[in-house]
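Please open the structure in your viewer and keep the selection tool at hand.

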Amino acid sequence: METSAIQTEDGRALHLPAGQNYACIQCGRSCGEFWEILVEPDKVGEIRARPSDTLAGARDPADPIVESPFSPGRQTMRLVDGCCCLRTDAGLCSLHAAFGPESKPNVCRSFPYRFVETPGGVYAGISFACTAVLGNLGPAVAGQGDELRRTHAFTVHKRAVERPPDLTVDIPLDWAQYTAIESDLDALLTLEGVPFEERLLAQSVYLGLLAKFLRQARASAGAETAEPRAHAPAFDHFRRQMRDGGQAPGSDAGPETGLWATVRRIAARRRHSPLLRRACLGAAHELRNVHGRRRGRLRAYTDIYTAYFLGAVGRGSLSLPALARPIDKRRLERVAFDPNAPEMQALLRRYFRHRLFRKDLVVADDIQFGIQMQMLHWGLLQWYAAAYAIDGGRRAVELEDLREALRYVEKYYVMHSTFERLFGDYPILRGFLDRLFGQPLYAFSMARGGWVL
Ligand code: SF4
């Protein structure tokens, strides 16, 4: 994956994404629809002290900061109809207009960026919940290095990762092994002439084969240790087989040979379970609601399992922001969707490649869990795009439907999600997901919807 790098203010490499543009178009969407807009303690008093009559056009400026219902003890901007009370009807921030960008909460100033600090440097990730990012509008992010350096210096939207992610709970990796896997996943994502959904599926297949191969190699060598060096020869051998069939060290014979071909053959198999798909997506959609409702644990578990079983028998409806009315789930898979149409594929490829770049897998519990979550996000994307199409009276998903679905998935399941806290609050849900992800047909069932092409 080509990237460019500059230096952070403290002298580390700051990697900038390639192929991504951004300039705020002031659409105002980022001021709404999030669970909460947290305000850092030293900003609370300053914002409260701003007289209401200095905030021209603010929708409801009295008492703008309240305690967060989701993060007890922390302060958040008060929301009115799901949107910041200081936003104007024209979609602009009244604080910014009156007192400049430094007057806003740190999270607002940092949006749409989030930084991940790794042993390989700092990566500047960008959120696809932003309209300009979705549309790839504005100048290249790679050309905005000075701005990003400054943002990195003040933002609270950064996460330090001290050690490389594990491949699975029982297979640790060193940083070089992680980056080699990332590069293979990117190569699978950019395979020419392969349907997009098969490329995503191939990533899951690749990781499954790699984990199996390393476990077998460690068992036969008697190297059952939590030490990445113990499986280094097997790891290198697997990747050589993957790249060139093991026949020509150093050469890259491409995806038609060796294990690449095996991965592709498996990913091309037409096996999936519509019942498992509906059940998984029904439960996943309910997962997002659990946090919003803040019900007791028992009620939350009951809701998830009920959604799972109702989904399996094809019952229930889907509610999303901006939908005029809930959509019957049975209608979703009757909507035509072609993820391989050029404009759809360009957006999907840009998004999923950026997720690798911004290190979504590094911040996941382990790489395999991260990829299986990504398959769930892909399934939800298809559902939500179909729901927005139905709501707009269309029989086929259009680019705008896919963008809206992507914004929603990014907000509630990925970049801005509260899943980590969700699993902390409801630990049984994590085990529930592990069991779903372990089903042999899981990834296949997420990859392909029943779309009419
Ligand atoms: S969503 Fe993006 S483009 Fe719209 S106001 Fe927020 S930062 Fe600007």
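Begin by selecting D81, which lies in the loop between β6 (79-80) and β7 (83-84); helices (H or I, at least four residues) and strands (E, at least two) are DSSP runs, numbered from the N terminus. This is a predicted model, in which local features need pLDDT of at least 70, side-chain atom pairs count only at pLDDT 80 or more, and totals for chains, interfaces and linings use all residues. Residues are numbered from 1 along each chain as its sequence is written, and side-chain values use heavy atoms, with hydrogens and water left out.

Is D81 buried or exposed? D81 is exposed, with a relative accessible area of 76%. Here buried means under 20% relative accessible area, exposed over 50%, and partly exposed in between (1.4 Å probe, protein chains only). The phi of D81 is near 50°, a positive value in a residue other than glycine.

Next, select N136, in the loop between α4 (131-134) and α5. N136 also is not a glycine, and its phi is positive, about 55°. With 23% relative accessibility, N136 counts as partly exposed. Most residues other than glycine have a negative phi, and most peptide bonds are trans.

Now select F111 and P112. A cis peptide bond joins these two residues, F111 and P112, with omega at about 10°. P112 is placed in the loop between α3 and β8.

From F111, turn to the ligand. Which residues surround the ligand? They are Y22, C24, I25, Q26, C27, G28, S30, F111, C130, T131 and A132, where a residue is near a molecule if one of its heavy atoms lies within 4 Å of it. This shell has 7 nonpolar, 4 polar and no charged residues. In this classification, Ala, Val, Leu, Ile, Met, Phe, Trp, Tyr, Cys and Pro count as nonpolar, Asp, Glu, Lys and Arg as charged, and the others, Gly among them, as polar.

Select helix α5 (residues 145-154) next; its buried residues are G145, L148, T151 and H152. They cover an arc of only 120° around the axis, which puts them on the same side of α5; the arc is that of the directions from the helix axis to the C-beta atoms. An α-helix has 3.6 residues a turn, so residues three or four places apart point the same way. Among the elements that cover the buried residues of α5 are β1 (4-7), β2 (13-16) and β10 (158-160).

One of these covering elements, strand β2, contains A13. A13 is partly exposed, with a relative accessible area of 29%. Not counting residues up to four places away in sequence, A13 touches I6, T8, G121 and V122, contact meaning heavy atoms within 4.5 Å.

Proceed to L38, in strand β3 (residues 38-39). L38 counts as buried, at 16% relative accessibility. Beyond its neighbours within four places in sequence, L38 is in contact with several residues, including S68, R74 and V107. L38 and V66 are 28 residues apart along the chain, and their C-alpha atoms are separated by 9.7 Å.
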